[in-house]
Each structure stands twice: as structure tokens, then as C-alpha cells.
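This note comments on one structure, point by point. Please read it with the sequence and the coordinates at hand.

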Amino acid sequence: MVSITNAHNDLIHDAVLDYYGKRLATCSSDKTIKVFEVDGETHKLLDTLEGHEGPVWRVDWAHPKFGTILASCSYDGKVIVWKEENGRWSQIATHAVHSASVNSVQWAPHEYGVMLLAASSDGKVSIIEFKEQGVSAPIIIDAHTVGVNSACWAPVSYEDGAAAGEQPKELRRFVTGGADNLVKVWRYNSETQTYALEDTLSGHADWVRDVAWSPSVLLRSYIASVSQDKTCIVWSQENNKGPWKKTEVQQDKFPDVLWRASWSLSGNILALSGGDNKVTLWKENLAGAWEPAGEVQQ
């Protein structure tokens, strides 16, 4: 287990391994991003990326087929895209369409191309696509009136009902969580070339701090949402259609505010972290209830 101490001069808000698990990107209230090489129990600082003018909330690695690319979002209202070439990092794009803190940034599944989803306290989400001929005009959606805290892509899936010989239609969706206590599911419409609201899920009594769509592509879709109200809800939908079923991970409230939710790569283990500085693991039993699957020890 790698332990990196004194990495930043202030609070660390996110830490993400790349596709191969060989590099770790961290970001902090000290306005910097640090990139480490990790190997077994050793680590080495490769670079410190400076460019944001406020705390950096999240970082996300692009799929390696597009190169060594990292996106970051900050309280300064900007998303910066960084690229490494020949051992040197540089800014290759700045996305500055938001008028308030950008709280979440995530690359789309690589099958969609080089596409970035950002969520902001200005109540909007934006989707920006990077093409060979340049950056497309961003799609901007009014998502949650009092601010968007998190947004997450669904895994690639396809609609049922394609006629014989037809290509199945891609079902491109993402989920957002807002300061209006709501979770919203959005779906791409190829005719209007924008995203329309598909479902609004209500169940939290305070701000939704994070939403995470399970990466598994089984017959059932899962979304986890965590909230300032000290609860986690798992929403499930059968066959990508119909109503979303609501299941609370536990009946009693958690000891403190829940900040983040994250799924394992296989999509069957859910990790939750919150204000008590603990990471708890959960899995679904055969009866459809969620039960503890351990705790991550520091």
C-alpha cells in the first residue's frame, strides 16, 4: 500500500489513478495538481501543475487511447485540460463557460470520443467535445436551479427494439445531483443534438453531494447518491427503461455528512466516504438489500 504524506500544502479533495494504475493525480485547496508515479509501495512526484486560481475540486484521466490527458475543475469556474508529451505537461484547453465554481468533471466513455462533462454551482452542466478540427461549441443545460454538485456518465448501453439488420441505437445518458436535493437523469437526443431530462428522482432531504452511476452493463442500472442529510440511496432501473426503484443503503443515518460515492470496476461494490473520515464498503444481497462489505483501513 502506497502512503503519500505532505503531498499538498492544504486539503486534498480528489485522488485518481490512471487507466493502468501507474500514475496518481491529486488536487488540493492549494490550487495545484500533482502527478505521481506509483510502483508497489514506492512513489515519485513527476510534476506539479499550476494554472487554477482557486481550490481544485476534482481531476479525471482521459482514456489512454487519446494520450496522457488530465482534466481538472476548480472554484475559479474553469476546467483545464492538461496533456503530457515527452515528460512535460502543458495546458491544451481551458473551458470557461461557467460563472461559478465547477464542482465536478468527468470524461465520457471513450466510445463517444473525447468528450467532457462539467457541473457547476451556477446551476448548469456543460458537455464539450474535442475533435480533430478543434473544440465543438459546448452544450449547456440548466440542470438544477441552485447549483449542481456532481455529474456522472452512464456506461455505454443500447436501446432495445432495433429492427432486423439495423444497428442498435446508442443510449447516451448521465446523472446529476444538485443543491435542490434532487437527482436527475439526462438522455441525449440525436435529433435535437442536446440532452433532455428523462427522470427526476427525489428522496433526499438536503443537498445531494455526489452521484455515481455503476459501470456494470448488466440488465439493471444502478445510481448511488449521497447527501448532506447523512443518507445514501441506490436507485435501480430494469433494462434501461421504466421507473427507478429507491433503496436506502441503511435505515439509520450515517454518523456524518456523506461526500463521495464510488463503484468498483465490476460495479458490485459501493464505497462511501464522509465527514467522519471513514470509507465504508457495501454490496447488494440476494434479497436486494445492501449490507456492509468492510471498511477501508487507513
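The points below concern a predicted model and go from the whole chain to single residues.

1. Overall composition. The chain contains 27 strands and zero helices. Its radius of gyration is 19 Å, close to the 19 Å that the globule rule gives for 298 residues, so the chain is as compact as a globular protein of that length. Along the principal axes, the C-alpha trace spans about 50 × 50 × 35 Å.

2. Burial and contacts. Of the 298 residues, 46% count as buried. Contacts between residues at least 6 apart in sequence were also examined, and 43% of these join residues at least 24 apart.

3. The four-stranded sheet. An open sheet is formed by four strands in the order S14-S17-S18-S19, with antiparallel pairing. Strand S14 (148–153) and strand S19 (194–202) are the edge strands; each has a single partner strand, so one side of each is left without a neighbour in the sheet. From one strand to the next, the twist averages 25°.

4. The S17–S18 pair. Within this sheet, strand S17 (residues 173–178) and strand S18 (residues 182–189) are antiparallel and are paired over five bridges. Glycine 177 has valine 183, in S18, as its bridge partner. The loop between S17 and S18 holds asparagine 181. Asparagine 181 is not a glycine, yet has a positive phi of about 75°. With a relative accessible area of 22%, asparagine 181 is partly exposed, because the partly exposed class begins where the buried class, under 20%, ends.

5. A second residue with positive phi. Lysine 230 is likewise not a glycine and has a positive phi, of about 70°. The residue is placed in the loop between strand S21 (220–227) and strand S22 (232–238). Lysine 230 counts as partly exposed, at 31% relative accessibility.

6. The S26–S27 hairpin. Strand S26 (residues 279–284) and strand S27 (residues 290–296) run antiparallel and are joined by six bridges. Leucine 281 is opposite glycine 294 in S27. Five residues lie between the two strands of this hairpin, and glycine 288 in the turn has a positive phi of about 90°.

7. The largest nonpolar core. This core has 16 residues, of which Val125, Ile127, Trp153, Phe174 and Tyr195 touch the most other members. At least two residues of the core come from each of strand S10 (114–120), strand S11 (124–131) and S14. As general background, nonpolar side chains tend to be buried together in soluble globular proteins.

8. Cysteines. How many disulfides does a search of the whole structure find? The search finds zero. Cysteine 73 is in no disulfide, and the nearest cysteine sulfur, that of cysteine 27, is 7.3 Å away. Cysteine 73 is buried, with a relative accessible area of 0%. Cysteine 232 is also in no disulfide; the nearest cysteine sulfur belongs to cysteine 152 and is 13 Å away. Cysteine 232 counts as buried, at 1% relative accessibility.

Methods. Residues are numbered from 1 along each chain as its sequence is written. This is a predicted model: local features need pLDDT of at least 70, side-chain atom pairs count only at pLDDT 80 or more; totals for chains, interfaces and linings use all residues. Side-chain values use heavy atoms; hydrogens and water are left out. A disulfide is a pair of cysteine sulfur atoms within 2.5 Å. Buried means under 20% relative accessible area, exposed over 50%, partly exposed in between (1.4 Å probe, protein chains only). Two strands pair if DSSP finds at least two bridges between them. Axes are lines fitted to C-alpha atoms, for helices over the stretch in contact, and angles run from 0 to 180 degrees between N-to-C directions. A nonpolar core is a set of buried Ala, Val, Leu, Ile, Met, Phe, Trp, Tyr and Cys residues joined through side-chain atoms within 4.5 Å. The radius of gyration is taken over C-alpha atoms; the globule rule is 2.2 Å times the number of residues to the power 0.38. Contact means heavy atoms within 4.5 Å.
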